[in-house]
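Hi,

Here is the structure for you to look through. Please open it first, then read my notes below.

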Amino acid sequence: AEMLGSVAVVQRAYANRNPRALLHDRELTMEQYLAGRMICDPLRIYDLCLETDGAMALVITSRERARSLRKPPVDVLAAQQFVHPGSIPMLLYAPDTWRMVPKLASERLFETAGVRADEIDVAMIYDATSVMVPLALEDFGFVKPGGAHEFLTTRQNGPGGRLPTNTHGGLLSEGYFHGLNSIAEAARQIRGESANQD
């Protein structure tokens, strides 16, 4: 509970400083989190993403064209998508329920991008539920296997932490736009325009 609560509470604090966030005016303490209605043990109401009506668009273009636009370009170094048998629409039937992505997928992503996990300064992790954050932190090598609990409960995902995570508030507190808002926040972080610049 403390680990998942740390995800929800830290991301809500980020949302409180983000004027775009649906929950920017609603604080969340650990005490409130722990008192939250249990939905499906161990998930409480605050562990689930928001239901959101809205729209987003991302414009992806060539580097040459991007240089002529009014905002500084942000390079996409790599992209990866994976599907395994039984994983549609969710990871309900994954053979390894303790991981979100296969090891090969994360290895290929970093190899293609030409970076290592320890070179990343800030992370945007898909968080339809809070439990996805610790799984992804371990799957992508941001922490060692089994290390997510300590990382999150010591708030290393928060401001000034080792890896500020979901600095927009994530899908839990900014809004659920199927992760597009996380990509937009990554671009803002790179440009130095985030409400929670780290």
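Start with Glu-119, which lies in the loop between α4 (103-113) and α5 (132-139). Helices here are DSSP runs (H or I, at least four residues), numbered from the N terminus. This is a predicted model: local features need pLDDT of at least 70, side-chain atom pairs count only at pLDDT 80 or more, and totals for chains, interfaces and linings use all residues. Residues are numbered from 1 along each chain as its sequence is written, and side-chain values use heavy atoms, with hydrogens and water left out.

Glu-119 is partly exposed, at 38% relative accessible area. Buried means under 20%, exposed over 50%, and partly exposed in between (1.4 Å probe, protein chains only). The Glu-119 side chain reaches the backbone nitrogen of Arg-116 at 2.7 Å. Arg-17 is 102 residues away along the chain, and its C-alpha atom is 26 Å from that of Glu-119.

Next, Ser-173 in helix α7. Is Ser-173 buried or exposed? Its relative accessibility is 2%, so Ser-173 counts as buried. Its side chain makes a polar contact (N or O atoms within 3.5 Å, one able to donate a hydrogen and the other to accept it; residues adjacent in sequence count only if both atoms are side-chain atoms) with the side chain of Arg-12, at 2.8 Å. Beyond its neighbours within four places in sequence, Ser-173 is in contact (heavy atoms within 4.5 Å) with residues including Gln-11, Ala-21 and Leu-50.

Last, helix α8. Its buried residues include Asn-181, Ala-184 and Arg-188. α7 (170-173) is part of what covers the buried residues of α8. Gly-192 follows α8, with a positive phi near 80 degrees.

Best wishes

Terms used
Helix = DSSP H or I, 4+ residues; strand = E, 2+ residues; numbered from the N terminus.
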